[in-house]
Amino acid sequence: MYVLVVRDPTGEEIEYDLVGEVVLGRDASADIQLPDPGVSRRHARLFLEDGLCYIEDLGSSNGTLLEGEPIQGAVVLEPGREAALGPFVVYVEDPNAEAEVPMPPPAAAVDGPTAPDVGSSGDDATFAGPSPLEGDGTFRGEVPGHGGMALGALEGLTGAALGQVFEVRPRTTIGRIAGNTIVVEDPSVSRQHAEIRFEAGELRLRDLGSSNGTYVDDAPVTEATLYGGERVRFGDVEFRFDAGPGLLASLAEGAPVGTDGGTQTRLPSPRAVRRRGRKAAGGLDKRKKVLLGALAGLIVLFAVGLALKGGSKPPAPAATGGDAAAAAAQTKKEEMKTRVFSLVQRAKSAMNNQDWAAAKTLLTEALALDPIHGEARKLVRQVELESKMQRIFDDAERKSELGEDDAALELYTQIDERSYYYQRAKYKVRKLWDLLLKRYEGECLGSYNANRFKEAIRFCGLFMDLACQCPGYDRKKLREKLEKAERRLKVKGSERWSCPRRYHEWSPCALEMEQGDLQRAVAKLYPNPKLAAAVVKYAKGDVDDALKAIAELRDSLGSAADRDAARELGQNIKNAQGKFREGQSLLLAGKLEEARAEWEIALTNDARILPEEQARSFYRNTIIAELSDAFARRGFKSLNIGRYKEAFEDFMKGREVDPENAQVKEGFQRLEQQAVLQMRKAVSCDEYAEILAITLADPPSLTHRQAQEAAEQRGCQLP
């Protein structure tokens with residue numbers, strides 16, 4: 001493994017383990033930030049290939065100079081050669097090469113006092129027993145914990161969790177109520193259903209006495225070990241557990257260790273341990289190390305000679321080059337896993353933004369590196385589905401705008417229930433349903449009365465296709481017209497109309513708000529049954545019918561108070577509908593803040609008609625879904641270009657609108673991952689302030705608490 005050394009304009013050097021690809025630049029999205037105007041936002045990158053380190057300029061304004069000469073394309077950066085990026089200098093070291101001073105085989109072990117324990121004070125870990133530092137100062141100890149870093153993910157396969165992905169951390173609780181790490185709003189899931197803990201090197205799943213049980217691969221369990229690839233079910237909601245390859249290796253560095261309720265001890269990162277090891281040795285430069293190594297070699301040779309004279313057996317020969325080759329192969333394999341994991345995470349981000357083409361490109365690259373990667377293959381199938389569903393949804397929207405509502409309905413009802421577009425399509429269908437019923441009813445009766453029986457059969461059949469899905473519709477009159485028209489044209493029995501099932505799941509009866517529940521809630525608020533019927537129409541999105549019913553009713557009401565109530569109700573409905581439409585137009589124009597302002601007025605009027613705690617109207621559901629999704633999409637755009645504070649602000653706005661929005665939750669998880677990476681490098685008050693600004697404070701996330709504690713220890717004055 002190479003060590004990357006970055007020297008700033010003051011001469012201070014910082015070391016990093018070079019694994020995979022590293023981008024250097026001024027922008028926050030760079031892996032290593034070089035804050036200076038002479039450095040471009042994404043200036044250069046370093047990467048490993050076939051055991052060599054390469055540096056490549058990324059089109060920077062001032063170029064990248066290798067030993068004073070500008071580079072073109074990717075060139076080998078040999079250990080010790082310096083490259084300049086503005087006022088910063090970078091070079092790499094090869095610790096293995098440093099250690100290869102000609103040395104004799106080690107002498108036989110001799111008895112003697114054991115070395116004292118190695119420890120440090122302050123923020124650094126205290127190690128009892130043998131030192132975790134090898135002879136070259138490299139940290140070789142095993143990190144005994146993961147301090148809240150993600151160990152894998154649970155991907156929802158059914159029910160309320162379908163399509164959602166949740167991080168699994170060293171202590172993860174699953175349940176139906178807020179306060180759990182993973183909240184699953186399903187009646188089959190208990191309030192505190194199960195927990196996952198990382199203990200003694202294993203990830204243990206425990207049922208917490210749930211009512212409907214916890215299952216692993218369909219077998220009921222009270223406790224089980226998760227390895228990756230299992231199907232885990234809590235009640236009726238099923239997930240798949242995926243252990244992210246390379247995630248533990250890449251994030252365990254610099255993580256705090258401990259369990260809840262115990263003392264948190266901060267372990268230094270491998271590079272920080274290396275720096276302290278060298279400093280304790282007096283900060284020796286390379287030439288001094290070589291001289292001391294040679295001197296040590298002479299001493300050991302002398303000791304071996306004396307041992308041989310005394311009849312001692314020579315030590316076993318040193319390990320062959322095969323071990324080094326195996327280690328290099330293992331390193332390359334880990335780099336590939338890390339790269340694949342990064343590509344999959346970026347693909348998920350693109351999917352959150354509904355950028356299916358970008359997601360497909362990233363996943364294709366990941367599968368080129370690892371053709372059997374299970375999660376990538378599954379995501380490719382999802383992306384292909386979403387691409388197809390997006391085309392259908394967009395076609396339906398265009399048909400609707402052109403007034404071709406019947407064609408739009410046919411397209412909306414082709415949306416797969418596994419798709420992101422499914423819920424949006426259901427809202428659209430709800431709005432079209434009654435509109436088409438009225439149109440088909442008029443065409444049916446008009447055609448029949450004009451003796452156009454062929455047209456009557458068509459339109460009466462279309463009406464019945466929709467009306468037969470719900471028992472509440474009056475179908476008797478049009479059914480009789482349809483049957484008479486079929487007899488007039490002598491339609492055969494096998495060709496006569498029968499109720500199709502293709503619309504069943506899309507009918508108002510199957511949608512989330514049951515008509516009976518809504519009517520009961522409205523009846524409590526509006527004792528007058530005719531006013532209540534008008535409010536039900538409004539709640540289902542039938543504003544024109546609601547206003548018409550109120551206008552007809554107003555003149556027949558006996559008391560002035562009732563007439564005033566009807567007039568106020570009608571005005572609130574008009575205001576809600578008008579502001580809803582204005583908000584939609586602003587949202588389509590990309591004016592999100594203005595749309596939010598208009599929709600807040602719409603929701604205020606909606607609450608006067610139908611308080612949210614009683615029932616939620618079509619308009620309220622639509623506004624909440626579309627507004628929270630819009631903030632989430634804008635947040636992901638900011639996150640993907642490194643504007644983490646702006647992303648956090650948008651995710652917070654989305655959470656204010658809908659705390660349970662899946663995209664918003666995913667956004668906060670992505671920011672938490674970025675904050676974990678920043679904590680590995682953070683040393684200044686400004687850096688801790690940046691981490692605090694992009695992580696949740698209420699309740700505080702793990703990384704937020706870590707940054708707060710570190711800032712307090714440094715005496716930072718934070719806002």
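I took a contact to mean heavy atoms within 4.5 Å, and with that I found that residues 24 or more positions apart account for 52% of the contacts in the chain with a separation of 6 or more.

I noted that this is a predicted model, in which local features need pLDDT of at least 70 and side-chain atom pairs count only at pLDDT 80 or more, while totals for chains, interfaces and linings use all residues. Residues are numbered from 1 along each chain as its sequence is written, and side-chain values use heavy atoms, with hydrogens and water left out.

Gly403, which follows α7, has a positive phi near 85°.

I searched the whole structure for disulfides (cysteine sulfur atoms within 2.5 Å) and found two. Cys444 and Cys460 are joined with an S to S distance of 1.7 Å, and the link is right-handed, with 75° about the S-S bond. Cys444 sits in helix α9 and Cys460 in helix α10, 16 residues apart, and both are buried. For Cys685 and Cys716 I noted sulfur atoms 2.0 Å apart and a left-handed link, with -80° about the S-S bond.

Terms used:
Helix = DSSP H or I, 4+ residues; strand = E, 2+ residues; numbered from the N terminus. Buried < 20%, exposed > 50% of the residue type's maximum accessible area, 1.4 Å probe, protein only.
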